[in-house]
Every structure is written in structure tokens, then in C-alpha cells.
Amino acid sequence: MLEKMKEIVLRYEDLQAQLGDPSVYGNAEKLKIITRELKELEPMVNAFHAYEKAVSRRNGAEALLKDPEFRQLAQEEWSEAKADVERLERELTLLLLPRDPNDQRNVIMELRGGVGGEEGALFAASLLRMYSMYAQSRGWKMEIVGMNETELGGVKECSVLIEGEGAYSRLKFESGVHRVQRVPETESGGRIHTSAATVAVLPEAEDVECSIDPKDLQIDTYRASGAGGQHVNKTESAIRITHLPSGLVVECQDERSQYKNKDKAMKVLRSRLYEMEREKQSAVAAAQRKSQVGSGDRSERIRTYNFPQGRVTDHRIGLTLYKLDSVMNGALDELIDALVTADQAERLSNREYQ
């Protein structure tokens, strides 16, 4: 581990030296790459410097333990430094785990009402509100790309774009089936129903990673439907893009501008195609080992929201919180932090960092 950290420090210092070259600032792409790598390496370098200082303190205190005059003071200093060394060793081990290359990407999130009909669609709308409030709490920007609603305000299906630092690293654990147990507003007898909604979280693909031949696209325009005042049904601003080789269809009618709708729809299409390719490449690895926090398969039940008991349970890690109201209001960090920790523990046990 120490040898690896020394290599990282040398790389960090080399990148800092490159920033001292005025010519770098004339190359926007190179500057972006250097600053991004520096940002990624900085937490490791800072932790390593803190580790070296703690080791130095511990060794200095250890030498003083032999002196009867300073033994009592040295014992206290040695104990504190030893605890710091152990804590920083654990921190460095986690920082050295291989990073998911998609962690810093924006997110395309797709929600669909599942079993339960109208109640499943209403729950999908509740999840959309939950993720919207969570994104707001993290300082992320969330935009609706396409929405298909029911007459009662439920969500049959919805695509949203979430932009912000580390969005995918936090939200990637949300893919799967979310189950709800509650008394529907339409239920006169007060019986508890079980319904579900599915969530898919895709990393936003960049143009260079997923080139699409325009000849493979069928683009149709149509008039927007739903709420929208005078704009509705007057201009053909809504866009439907069909990717002919894969059969994928993406629609967007959220914006008044046809150009903006096409841009958003292309982002979703590109991300879906990128995800399809990722799934192909990882199929063999996924068969060999399934992560403790789940495969991310949309068919896998990951969480239950029980309204009568005010609890939410994540089945992948066996965590139950009696904080349903706050969770539904976007307080997801406690759940997500636990999932991140479980993921790290699983990868450490498999020694992926070696």
C-alpha cells in the first residue's frame, strides 16, 4: 500500500508541475484532464501526508517511552498517534479501492409504475418527488426529460436528467424494484395494498463514447399533450426518436423548443445504448460474483416502504429505518451511506485493490 501511495504522490506532484506550464492553459481539453485527475488524487495525497505525520508522532512518542521523566506524557501521545495511524491506514485502504469510472457522471433516471396499477403509478410519483428533494439537498440540478402521467397524477413512466458532482456514485444503488405497503387513497375499506415501482439509474454517456449514425435514427415530431396552456397542440415541438438497430424509442415533450427536446432525447438514447454495451461487457463478471448490494437488475426487489409502520427496509443489507416520512422527503443519505459502506466491505473482502 505504501509503495502505491508513493507512486500516487509522485504523479500528483508531476500534474502540479504541468499546471505551472503556461502552454497548458491554451489547451482546454488537456487542462480539463489534468485538473480532473488532480481532484481525484488530492484526497489520497492529503490522507497519505496525514498518515506520515501520524507515524512520525507515534515513533517520536515511542522513543520517549524509554525516558522515565517523559513516560506518562509520551504514553498519552503514543496512544493518540497509534489510533490515528490505524484510522488513516483504513482510510487509505478504502481510497485505494478501484473507482467506478462512472461515479462522477451525471445520471439518467427512469421510473415506472409497476404492479398495483394506479397505486403503483402513484408510488412512482412519490419516488420522483423523493429523488427531486434529494437532488435539491445535494445541490444537483434535476430536469424532466419525458413524463407519461395517469389521470390521478401517477407516473406510468418518466425519464429525468440529474446533473451534479458524484450523482452516479450516490444514485447507482437505487436501481431495482421499490415496493410499497400502504392504504391507497382510492381504498374505501382501509385495507393495506402492496404495489411497486421500478427505478433504473444510467450514467450519462458522452458523445465520444457512444457515436450514433444519423442513418440509424427515425425522428418524428408531434404536438405536445397534457398541461401547458396555449402551447399545447399548437406547435409540433415534441420529439420521438427511434434507434432502428436496437428498437429503442425515446420521447421528449417537456420543453417548448423542438431543438431542446431533441437534445434531451438524444442524451437519454445515448445513455441507454451505453448501458446496453456495459451490460454486455460485464455479463461474465456479473455471473462470477454478485455484489452484496445487488446486481442493479430492475427485476430485483431492493427496498420496501411500509407506511402503516413508518419504516423503510433495504433488503440488500438488511437495514431498517423507522424514518419513512423523512426518507420520502429526500433524506436518503443514511441509506445510501450504508450501501456505499457495504459495497466497500464487499470489495475489500475480495481484495480487488491488490
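Author: The questions below set values against definitions. This is a predicted model, in which local features need pLDDT of at least 70, side-chain atom pairs count only at pLDDT 80 or more, and totals for chains, interfaces and linings use all residues. Residues are numbered from 1 along each chain as its sequence is written, and side-chain values use heavy atoms, with hydrogens and water left out.

Reader: What makes β2 and β3 a pair of strands?

Author: Strands (E, at least two residues) are DSSP runs, numbered from the N terminus. Two strands pair if DSSP finds at least two bridges between them. Between β2 (residues 141–149) and β3 there are eight bridges, and the strands run antiparallel, so they count as paired.

Reader: Why is one set of residues called a nonpolar core?

Author: The name applies because its members are buried Ala, Val, Leu, Ile, Met, Phe, Trp, Tyr and Cys residues joined through side-chain atoms within 4.5 Å. Buried means under 20% relative accessible area (1.4 Å probe, protein chains only). The largest such core has 32 residues, and L127 and Y305 are among those touching the most other members. Its largest share, eight residues, comes from α4.

Reader: What does L127 touch, leaving aside residues up to four places away in sequence?

Author: L127 touches L111, H178, A197, V199 and Y305; contact means heavy atoms within 4.5 Å.

Definitions and conventions:
Helices (H or I, at least four residues) and strands (E, at least two) are DSSP runs, numbered from the N terminus. Buried means under 20% relative accessible area, exposed over 50%, partly exposed in between (1.4 Å probe, protein chains only).
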